[in-house]
Amino acid sequence: MHSDILRPMVILIAWTLVMLAWTLATRLPAMKAAGVDMGKLVGTKASDADRSLPPQAQWKAHNHNHLMEQPTLFYAVCTVLALSGTGNAINSLIAWAYVGLRIVHSLIQATSNRVRDRFVFFMLSSVMLVALTLHAALAVF
């Protein structure tokens, strides 16, 4: 037996890997063009790249970082819903909505990076996460 909520979890993991590939495909050539020698970099942090690389090259990396933040809560709450036997029906639909909204958020951030537009999709996805969390709480308490 499996829970339907596992599917959107796997798709968001796959999307995160797509964003990683897009980051590398954009950032590595930008580093080369900027004369950055990775062999000589010691003790730098990701924010240092913001000073030497074009913003458009960094947007993908910033989004990949964002996919390592709030979605970790999504994975946890979906796991609770799957294990509690409540990861089907409405919770699966909410999870799909969350994933779709996060993908749109990624595409906006990686291309035009209009903050207002990104914010709308971030907030809508956050509402989905709150709904999933409430449903998980109802399932386990």
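For this notebook I take a patch to be made of residues with over 30% relative accessible area and no salt bridge, nonpolar side chains being joined within 5 Å.

**Entry 1: surface patch.** I worked throughout on a predicted model. With the above definition in hand, I looked for nonpolar residues on the surface and found a patch formed by Ile13, Leu17, Leu20, Leu24, Leu28, Met38 and Leu41. Together these residues have about 620 Å² of accessible area. I then looked up one of them, Leu28, and placed it in helix H1, which covers residues 6-33.

**Entry 2: Thr16.** I turned to another residue of helix H1, Thr16. Is Thr16 buried or exposed? Its relative accessibility is 5%, so I recorded Thr16 as buried; the cut-off for that class is under 20%. Leaving out residues up to four places away in sequence, I noted that Thr16 touches His64, Leu67, Met68 and Tyr75.

**Entry 3: Ala110.** I located Ala110 in helix H5, residues 89-110. Ala110 counts as buried because its relative accessibility is 1%. Which residues does Ala110 touch, not counting those up to four places away in sequence? I listed Met19, Trp22, Trp59 and Lys60. I also looked up the pair Ala110 and His62: 48 residues separate them in sequence, while their C-alpha atoms are 8.4 Å apart in space.

**Entry 4: helices H4 and H6.** I examined the packing of helix H4 (residues 71-83) against helix H6 (residues 115-140) and noted an angle of about 35 degrees, with the axes 9 Å apart. I recorded the crossing of H4 and H6 as left-handed. On the H4 side, the contact is made by Leu73, Phe74, Val77, Cys78, Val80 and Leu81. On the H6 side I found Leu129, Leu132, Thr133, His135, Ala136 and Val140.

**Entry 5: the chain as a whole.** I looked up the secondary structure and found six helices and zero strands, in the order α-α-α-α-α-α from the N terminus on. Along the principal axes, the C-alpha atoms fill a box of roughly 55 × 30 × 20 Å. The chain has 141 residues, and 37% of them are buried. For its accessible surface I noted about 8100 Å², with 71% belonging to carbon and sulfur atoms. Finally, I considered contacts between residues at least 6 apart in sequence: 80% of these join residues at least 24 apart.

Technical notes:
Residues are numbered from 1 along each chain as its sequence is written. This is a predicted model: local features need pLDDT of at least 70, side-chain atom pairs count only at pLDDT 80 or more; totals for chains, interfaces and linings use all residues. Side-chain values use heavy atoms; hydrogens and water are left out. Patches are made of residues with over 30% relative accessible area and no salt bridge: like charges are joined within 9 Å, nonpolar side chains (Val, Leu, Ile, Met, Phe, Trp, Tyr) within 5 Å. Accessible areas come from the Shrake-Rupley method with a 1.4 Å probe; for residues, only the protein chains shown count as cover. A salt bridge is a side-chain nitrogen of Lys or Arg within 4 Å of a carboxyl oxygen of Asp or Glu. Helices (H or I, at least four residues) and strands (E, at least two) are DSSP runs, numbered from the N terminus. Buried means under 20% relative accessible area, exposed over 50%, partly exposed in between (1.4 Å probe, protein chains only). Contact means heavy atoms within 4.5 Å. Axes are lines fitted to C-alpha atoms, for helices over the stretch in contact, and angles run from 0 to 180 degrees between N-to-C directions. A crossing is left-handed if the near helix is turned anticlockwise from the far one by less than a right angle, and right-handed if clockwise.
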